[in-house]
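Subject: Handover of a structure, with notes

Dear colleague,

I am passing on the structure below and would be glad if you kept it open while you read the notes that follow it.

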Amino acid sequence: MSTPAIPFKYMPSPLFTDPYADAWTVPFWEATMREQLTAPKCTNCGKFRLPPSRWCAQCHMQDLEYVDLPGTGTLYSFIIVRHALTPDQKDYVPYIPAVVDADGAPGCRFVSNIVDVEPEDVKVGMPVKVVWNRVSETLTLPFWTAA
């Protein structure tokens, strides 16, 4: 198996299989293929549901809609991983797993990675924007970088 190209600095090791998409997450993955960030929102009470779930934790209804988001946000939390978990990941450290408050979706936090930012420059509260990594013909992943 060849090693895929690394499109961003400080990107984590690549996925070798596409994530499983079910009926509740297909709209999110289809939107990522168009490089559009979306989030599921309960059509009954208006609460965003991330990660997508069958039932709304607020009102216990199932109906939801996917809302397009501007692709910007604020860094809520992060860590810097400096040690590879396995020897084959040594070329992918450091990398920066992060939690981002997405603009346009109150209470909606994305778990992803910060890329193309020097680790010492990453700060809680910094404005970020989404960048896209087309992994395959069927998978595009959102990452975040400094806005």
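Rings of Phe, Tyr and Trp (for Trp, the six-membered ring) are taken as a pair if their centres lie within 6.5 Å, and planes under 30 degrees apart count as stacked, over 60 as edge-to-face and the rest as tilted. On that basis F28, W29, F110 and W144 are linked by ring pairs into a cluster, and the search of the whole structure finds 4 aromatic pairs. In one of them the ring centres of F8 and F143 are 6.2 Å apart with the planes at 65 degrees, so this pair is edge-to-face. Because F8 lies in the segment before α1 and F143 in strand β7, the pair ties together parts that are 135 residues apart in sequence (helices, H or I, of at least four residues and strands, E, of at least two are DSSP runs, numbered from the N terminus). Both F8 and F143 are buried, where buried means under 20% relative accessible area, exposed over 50% and partly exposed in between, with a 1.4 Å probe and protein chains only.

Some notes on provenance belong here. This is a predicted model, in which local features need pLDDT of at least 70 and side-chain atom pairs count only at pLDDT 80 or more, while totals for chains, interfaces and linings use all residues. Residues are numbered from 1 along each chain as its sequence is written, and side-chain values use heavy atoms, with hydrogens and water left out. The protein chain averages a pLDDT of 90, and 95% of the residues score at least 70 (pLDDT is the predictor's confidence in each residue, from 0 to 100).

Beyond its neighbours within four places in sequence, I114 is in contact (heavy atoms within 4.5 Å) with Y10, L75, I96, A98, V122, V128 and W144.

As for the cysteines, the search of the whole structure finds 0 disulfides, a disulfide being a pair of cysteine sulfur atoms within 2.5 Å. C45 is in no disulfide, and the nearest cysteine sulfur, that of C56, is 3.6 Å away. C45 counts as partly exposed because its relative accessibility is 36%, whereas C56, at 1%, counts as buried.
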